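Open the model in your viewer and keep the selection panel at hand.

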Amino acid sequence: MRYKEFGKTGMKVSEMALGTWGIGGAGWDDNPEEIRIDAICTAVENGVNFIDTAPAYNAGAAECLVGKALKQSGTRQRVIVATKCGNFYMGNGTYVRDGHYDKIIQQCDDSLKNLQTDYIDLMLIHWPDVNTDFAETADALNALKKSGKVLHIGVSNFTREQMEEIGQYCTLEAYQPQYSMVVRTNEEQMKWAAEQGMGVMTYGSLGGGILTGAFRKLTTFEATDSRNRFYKHFQEPMFSKVMKVLEVMDRISADRDNVPLSQIALNWCAQKEFVSSCIVGAQSRRKIEENCAAYQWMLTSEEIALLDAAIEQYLVEQ
Ligand SMILES: NC(=O)c1ccc[n+]([C@@H]2O[C@H](COP(=O)([O-])OP(=O)(O)OC[C@H]3O[C@@H](n4cnc5c(N)ncnc54)[C@H](OP(=O)(O)O)[C@@H]3O)[C@@H](O)[C@H]2O)c1
């Protein structure tokens, strides 16, 4: 595993963070609980010291699983736990944003219980709630930090303008945007956030799985599968364009003794100087070991240039 400073927080995070949206039961590849707990423990055994979760992931189920795995393995103290607030899962794929003071405080208390801990290393606002004054949401985060329930604070899915606005009321220490070879729209604001001293953790770093090469034919997911809604590149016209980029990844893989495509996608992301850590969702020991092994080697600048040229050629409107 490789590690980087996480902005100005003083925390040193693994360049791979374990994502728990899928593990919590997001509606795809649901595995028995013992497999999902084993997945969390496998990540920690392989040097991952950063876990990303949220109360919105299956209404607290993901947090509960993280809490159980860390308790069972006795590893809470050496893992940096990031969770979120201000977003509530209502069932049937529906979420409601609410950044009111009382809601944030209550949700944090619930997260502490779910996670079986008395502190959260990093608390992020999950999505901006533009119907609540950012000053009010920031007050809640400041209060949580003052009480010691939360050690660091940040945001996810905010624009630069929204970060500047809330930054008037609290000191942002982290930013979590979607970012991968197939979604580069947030790149400029990620660079800006890193320059401000924030730790930057990317989500969807494998493009929701498409960058692993596991999908070579257009796939119809079940109606309940979150990928229908969240990752548009599983649908045409993006799907065929991504397949072209995968051909370049296939060539790099062949030249490197068939390294898994997931490792190429992760290194492309992790090697950016403005990225501190890539969040990857995976629910089994095999996938997690494969992803962690990405950090035993690095792409050359020539390989990165080849990948960037393919992205430019096929995914330019992204
Ligand atoms: N802040 C936000 O709004 C936000 C939004 C989305 C996600 N996130 C966070 O980011 C995390 C990662 O995002 P994500 O899970 O949506 O997408 P992702 O990490 O890009 O991709 C996850 C998908 O890739 C598959 N996968 C992982 N490693 C693989 C491998 N080596 N070979 C084949 N398939 C592999 C997973 O399979 P299995 O799951 O079946 O193992 C899953 O289907 C989430 O879990 C969550 O913590 C945050």
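How do the residues of the shell around the ligand divide into nonpolar, polar and charged? They divide into 11 nonpolar, 16 polar and 6 charged, with Ala, Val, Leu, Ile, Met, Phe, Trp, Tyr, Cys and Pro counted as nonpolar, Asp, Glu, Lys and Arg as charged, and the others, Gly among them, as polar.

This is a predicted model, in which local features need pLDDT of at least 70, side-chain atom pairs count only at pLDDT 80 or more, and totals for chains, interfaces and linings use all residues. Residues are numbered from 1 along each chain as its sequence is written, and side-chain values use heavy atoms, with hydrogens and water left out.

The shell holds 33 residues, and the closest are Asp 29, Asp 52, Gly 208, Tyr 231 and Gln 283.

At Trp 21, a backbone N or O atom is 3.0 Å from a ligand oxygen. At Gly 204, a polar backbone atom lies 3.4 Å from an oxygen atom of the ligand. At Gly 208, the distance from a backbone N or O atom to a ligand oxygen is 2.8 Å. Two or more shell residues come from each of helix H7 (227–230), strand E12 (277–281) and helix H10 (285–292); helices (H or I, at least four residues) and strands (E, at least two) are DSSP runs, numbered from the N terminus.

Finally, select residues 87–91 and 94–97, strands E6 and E7, which pair in the antiparallel sense over 4 bridges (pairing requires at least two DSSP bridges). Tyr 89 has Tyr 95 in E7 as its bridge partner. The two strands form a hairpin with 2 residues between them, and Asn 92 in the turn has a positive phi of about 50 degrees.

How values were computed:
A residue is near a molecule or strand if one of its heavy atoms lies within 4 Å of it. A polar contact is a pair of N or O atoms within 3.5 Å; within protein, one must be able to donate a hydrogen and the other to accept it, and residues adjacent in sequence count only if both atoms are side-chain atoms.
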